[in-house]
Amino acid sequence: MIESMLQVRDIHKQFGGIKALNGFSFQVVKGSIVGLIGPNGSGKSTLFNIISGFLKADSGQVLFKNRNITGRPPYKIAQSGLVRSFQISKAPEKMTVLENMLLACDQQIGETVLQGLFKIKSICKQEQMNLKRAFFYLDFVGIKHLANEYAANLSGGQRKLLSLARILIREPEMVLLDEPTAGVNPTLTKKFMSFLKKLRDEQGKTFLIVEHDMNFIRTVCDRVFVLDAGELLAKGTPEQIQKDENVLAAYLGRRALQKRTIKS
Amino acid sequence: MEFYDIFVYFATMIGIYSILSLSLNLQYGFGGLVNFGLVAFFATGAYTGALLAVNDVPFLLGIVAAGMVSALLGFIVALPTSKLSVSYWAICTLGIGEVVRLFLLNEEWLTKGSFGIAGIPRPWEDFWGDTYYSFFYLFFVWFFVGLAYLLIWRLSNSPFGRILKAVREEDDLALAMGKPVFIAKLKTMALGASMAGIAGALYAYYITYISPSDFTPMITFLVWSMVIIGGKGNILGSIAGATIIVVFYNSTRYLKDFLDFPAETLASLRMVAIGLLIILTVLYKPDGILKEKEKRYPLD
Amino acid sequence: MMSISQILINSLLLGSQLGLLALGLTMTYSILGFANFAHGELAVVGAYLTFFLCVSFKLNFFTSTIIAVVLSGAVAVLCDRLIFKKLREAPVLALIIASLGLSLLLRYIISAIWGPDPLSFSLGLAIPYRVMGAFITSTQIVILGVALATMVFFHILLHKTKMGKAMRALADDRALAQDRGIAVEKTIVWVWFICGCFAGLAGVLMAWETALWPELGFNIIIPVFCAAILGGVGNVYGAVIGAFLIGFVENVGLALDWSKVIGLLGISTWDAPLFIPTEYKTAISFLILVFVLIFLPTGIMGSEKGH
């Protein structure tokens, strides 16, 4: 049964005079790993921010599990099962790896002032349970030995693993990954690829991944969408995309002209 | 006997300022909320408590009311400002502090303007009598310090506290992890404000005469130096900071008998020293004298 | 009610003084990334140094002002070198707190030396002139002239000199400026120098018009922040426009009989005349600021760094 997990319909977004997204639409099917590629400045991060609620689109709709989530606050979207990572993995420096994991757990008792003050017993029980789960996921990604380390002391690659573990402990249905292997060594990249496939095959999780690493895309993705200047340029399997002339032109042409890095 | 009076006075003021310091530490040290208008909540609480007491409202009710009115103000202040950057927060809250002071100065029908409110009755004065009163009040104030301490300690170790810890540095991450960041900030501001308000009522009941000139931005800056020097995110540090600054600030009053400076110059010099202390702390000991407690879990 | 021309003149005066301060503030804010709470104190430093030179060295007012202005610039640079430079990589809040400490330091050193009571330059009586039904004194004319001339000078500096261009580049995008080979630290020194000079000059002008007292800088800091943010952080023209806007609104707000406005808007009828007390002057600019921050975070004229 083909179930649509994420639907993006006709999204428009303008920043000042620049049209970041110009009527972009696409769909992600449940249990698939979809790649989103495109030259720098093509609007990928903007799209991610709009889907996850960090940015409001000028027009268009985003549907998650066939429910309209357009314009909902990001924390509500995360609570409904759609979780994202960040291009530069964020980790509060004064929190340990374990604290990060505990933070990530969804909808906890004690997250309001009154509960935090009075529901001491329930919180204790919950913490014990969440700690167990935290250790499990840290072990899964292989950083269990860093449990009591401050996030500030982690290497770039370890931070990415923490980022993944944090997302997993939330047991999301769909995950948005923003350049997960940027700045990561090849061994770790291979690990990532096997994680993703495992999660898709064994748990039916859905992924939408923004990536530049074509090898990654080829190995992991079932389907790829190519974004260029805010519009859909091509779509298909990784093999089809690689042979597409428009795609090649976009990359070659753009690279020559690309001078400034865009932080979106 | 005289030394005893001075000691009790110092200890009581340290208590009141400890509550203020704790309230700011909750907002800033734990929540990362830059409140440069703390004095507004202190003043609101003081005036609420004073006006109610002068009108024969029971004292405990006055204190509760002070807390609630200040909490409301804190909530309102946080509404527009929660979504702003650090610098903007600072400027906004500074402005709010000033607006409140101007309000207190001008709305004479309510606050008696620059004349202030005099003759504020002292809680249960008749019961305790002259000899024991100051001692009682000292304990009364420190009871609230204890409450504040407990409150912040409990919260900082709870999941709510964890959200604040994350929000302090990485708003976006907390949002991505499904945490209602904005609401958490509102609650923190309101709670901190209510604590400052209660401190205000306690202050009014102690000093028995308040006027707008008691509530200048200087109070905000003094409490900031307490939190910075004592250590942000460290509850004991807030009390330590309060002790250091209150003792220093008031002791120069007594130093003038030893130093050959006019009182005014001494008063200015102590502020110079505090300003210097703030700068030095930021440069060389940015975490204050007492660091934030680390949270380590046993590895099963 | 005050005549329109009087309101205009008062607004121009306040606006020009705020403008000089807002110019410096918006530059340091955008280049160094934090709101400098000690900015007002630089103005006070300028005013008191002028006073000191006039009174203790018996120099004439004009010479004293020039020397004091340059010294204010030097003080600003010194503060950067000793304090803010060490915090280049620190979080914004650390910079703000440090500037808070600095503001206390400067204000109370001045208070310790000269006392907290207001002083005056004692330059004799000013000659009032009548312009379009309003009064303006000779002092005020000079103040206005000097302030406007300085702003024009700054405009020329920004566009016709190499240093000015470097400053603009730095304000726009620090990383990019560095890539283009601009000497960042050297430019920052110049920015602080100009910032200090302008603030010092503004301080002298303000003190000349009214009086000197140590709280002079702190009193004005909220409207100055408002002007800089209103105009868009980093936008010097915006800062000046913002300053005049604030000057105008503050004066109009105070001079206006609000009972008529309420009547006009049809909200209700208010029989007695309704004026905002002068003590609420700062509150007006502050309320404008909150309004702008909520609805127009990049300011009226727009800036790169609105949030």
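Q: At what angle do the axes of helix α2 (residues 38–54) and helix α3 (residues 59–81) of chain B cross, and within what distance do they come?
A: Two packed helices are described by the angle between their axes and the distance between the axes. In chain B, the axes of α2 and α3 cross at roughly 145 degrees and come within 8 Å, where axes are lines fitted to C-alpha atoms, for helices over the stretch in contact, and angles run from 0 to 180 degrees between N-to-C directions. Helices (H or I, at least four residues) and strands (E, at least two) are DSSP runs, numbered from the N terminus. This is a predicted model, in which local features need pLDDT of at least 70 and side-chain atom pairs count only at pLDDT 80 or more, whereas totals for chains, interfaces and linings use all residues. Residues are numbered from 1 along each chain as its sequence is written, and chains are lettered from A and ligands numbered from 1 in the order in which they are written.

Q: Is the crossing of α2(B) and α3(B) left-handed or right-handed, and which residues meet there?
A: A crossing is left-handed if the near helix is turned anticlockwise from the far one by less than a right angle, and right-handed if clockwise; α2(B) passes α3(B) in a right-handed crossing. Two residues are in contact if their C-beta atoms, placed from the backbone, lie within 7 Å. On the α2(B) side the residues include Phe41(B), Gly45(B), Gly49(B) and Leu52(B), and those they meet in α3(B) include Ile63(B), Ala66(B), Gly67(B) and Ser70(B). By class, this contact has 11 nonpolar, 8 polar and no charged residues, with Ala, Val, Leu, Ile, Met, Phe, Trp, Tyr, Cys and Pro counted as nonpolar, Asp, Glu, Lys and Arg as charged, and the others, Gly among them, as polar.

Q: How do α2(C) and α8(C) pack?
A: In chain C, helix α2 (residues 39–56) and helix α8 (residues 184–209) have axes 7 Å apart, at an angle of about 60 degrees, and their crossing is right-handed. Among the residues that meet are Leu42(C), Val45(C), Gly46(C) and Thr50(C) from α2(C), and Gly196(C), Gly200(C), Gly203(C) and Ala207(C) from α8(C). This contact divides into 11 nonpolar and 6 polar residues, with no charged ones.

Q: What do the secondary structure and the radius of gyration say about chain B?
A: Chain B has 12 helices and 0 strands. Its radius of gyration, taken over C-alpha atoms, is 19 Å, close to the 19 Å that the globule rule (2.2 Å times the number of residues to the power 0.38) gives for 300 residues, so chain B is as compact as a globular protein of that length. The C-alpha trace of chain B spans about 55 × 45 × 40 Å along its principal axes. Of its contacts between residues at least 6 apart in sequence, 79% join residues at least 24 apart.

Q: How is chain A built, and into which domains is it divided?
A: Chain A has 10 helices and 10 strands. With a radius of gyration of 19 Å, close to the 18 Å that the globule rule gives for 264 residues, chain A is as compact as a globular protein of that length. Chain A is divided into domain 1 (4–91 + 174–257) and domain 2 (93–153), with bounds that come from an automatic or database domain assignment. The C-alpha centres of these two domains lie 29 Å apart.

Q: Which chains touch, and what does each side give?
A: Among the 2 pairs of chains that touch, chains B and C have the most contacts, whereas no contact joins chain A and chain C, whose closest C-alpha atoms lie 9 Å apart. Between chains C and B, 34 residues of chain C are in contact with 34 residues of chain B. On the chain C side, α4(C) gives the most, with 15 residues, and by class this side has 27 nonpolar, 5 polar and 2 charged residues. The contact of chains B and A takes 31 residues from chain B and 34 residues from chain A. On the chain B side of that contact, α7(B) gives the most, with 9 residues, and the classes are 15 nonpolar, 3 polar and 13 charged.

Q: Is Lys293(B) buried, exposed or partly exposed?
A: A residue is buried if 20 or more other C-beta atoms, placed from the backbone, lie within 10 Å of its own, exposed if 12 or fewer, and partly exposed in between. Lys293(B), which lies in the segment after α12 (263–284) of chain B, has 13 other C-beta atoms within 10 Å and is therefore partly exposed. Lys293(B) is 59 residues from Asn234(B) in sequence, and their C-alpha atoms are 6.8 Å apart in space. In chain B as a whole, 53% of the 300 residues count as buried.
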